[in-house]
Amino acid sequence: MSKKIAILTSGGDSQGMNAAVVAAVKSSWAKGHKPYLVYEGYKGLIENKIVEAKPELINGMISRGGTFLGSARLPEFAELKVRQKAVKVLEKIGIDSLIVIGGDGSYMGAAKLAEMGINTVGLPGTIDNDIASTDWTIGFDTSLGVVVDSIDKIRDTSESHRRAMVIEVMGRYCGDLAIYGALSTGAEILSVPESKLSEEQIIKKVNELKDSKRSLMIVVTEHMYDVNKLAKKIQEKTGVESRAHVLGYTQRGGIPTPKDRILASLLAEEAVNRIEKNEKGICLGMIGEEIKSFDILEAVKMKNPDRTDLIKRVRKLI
Ligand code: ADP
């Protein structure tokens, strides 16, 4: 039976979300369903910013960063009466299925809509790689590329000036961007939520390394330190000229890498298959080479893989 399938992006944007939207639309058409685009995330659901997908709306979007559907944060979506509004809007159009591309918070919204009878499927869209039900999230690879490129560039100038640089990367409470970023650039010092170094430990390391290195890259995850204060303290205690650099929103931008586009496209195609099977309240992830399905509420509770060993290995490479 032909279905009406709505697609939205929610929460923090990530590169590759557009590729997921495009693939969800195209595979819906290929299977004889009617796809709809929801603009501005859950906010757009309750405000009926929903249009039937047309080729001209998705053309050329696969390679574009950000999300052309827009994303909005709507904390009120946790309230039943706000979600009831969304369900009413969907029912009026005859939409019974929804693909949500977003992070943990968006997954919570999708799980609650599933309880209210909407066939929801969540796809992991976030640069943070903090969704345990997939090895890599949509956007992580592109963002990691930005991190690596930035650290390489900061290294160039730091080498010239014999500087230590505290580089803050995103990740919320997940160290993956910092860990893989440090690994890829040969950063000297790594501190992540999973294995936090005290300021004193960082200063000790700088003191140990300062004579053998012209530049020192100190890669840290956001929300852990006041990086400007930390850089000042390092300079005071070690005599090494030190600066802080917050990579910030550049990490959210840029054209998605092939890896992100492929991941997004394959997951979105499978989402439509699952909707055809009337599966709801699930999310999909890529584990190894295989697409796996999880109960979305279970997935939100899942813990990220233990990175202790990986962090140890990365630190040995310094
Ligand atoms: P992300 O999806 O990137 O983790 P947020 O945590 O901001 O981003 O969540 C995105 C949106 O999902 C929120 O603005 C809100 O509309 C919805 N949401 C978050 N938590 C819940 C919840 N507990 N119940 C219902 N909706 C939620």
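## The largest pocket

About 560 Å³ of space lies in the largest pocket, a volume being the space filled by probe spheres set on grid points that are joined across faces, edges and corners. Among the 28 residues lining this pocket, those closest to its centre are G11, G12, R73, G105 and R172. A pocket here is an open set of points on a 1 Å grid over the protein atoms alone, where a 1.4 Å probe fits, with protein on both sides within 12 Å along at least five of seven lines, and lining residues have an atom within 4 Å of a point. The model is predicted, so local features need pLDDT of at least 70 and side-chain atom pairs count only at pLDDT 80 or more, while totals for chains, interfaces and linings use all residues. Residues are numbered from 1 along each chain as its sequence is written, and side-chain values use heavy atoms, with hydrogens and water left out.

Helix α5 (residues 104-115) provides the largest share of this lining, six residues, helices being DSSP runs (H or I, at least four residues) numbered from the N terminus. The lining divides into ten nonpolar, ten polar and eight charged residues, where Ala, Val, Leu, Ile, Met, Phe, Trp, Tyr, Cys and Pro count as nonpolar, Asp, Glu, Lys and Arg as charged, and the others, Gly among them, as polar. Because domain 1 (4-139 + 256-301) and domain 2 (141-253) both give residues to the lining, the largest pocket lies between them; the domain bounds come from an automatic or database assignment.

## The second largest pocket

The second largest pocket has a volume of about 160 Å³, and its lining consists of D135, W136, K259, I262, L263, L266, M286, G288 and E289. Helix α10 gives the most to this lining, four residues, and the lining as a whole comprises five nonpolar, one polar and three charged residues.

## Salt bridges

The structure holds 24 salt bridges, each a side-chain nitrogen of Lys or Arg within 4 Å of a carboxyl oxygen of Asp or Glu. In helix α10 (residues 258-276), E270 and R274 lie four residues apart, about one turn of the helix, and their side chains meet in a salt bridge at 2.7 Å, N to O. Both E270 and R274 are buried, that is, under 20% relative accessible area, with exposed meaning over 50% and partly exposed in between (1.4 Å probe, protein chains only).

D309 and R313 form a salt bridge whose closest N and O atoms are 3.0 Å apart; D309 is partly exposed at 44% relative accessibility, and R313 is exposed at 53%. K43, E47 and K49 are linked in a network of salt bridges.

Technical notes. Helices (H or I, at least four residues) and strands (E, at least two) are DSSP runs, numbered from the N terminus.
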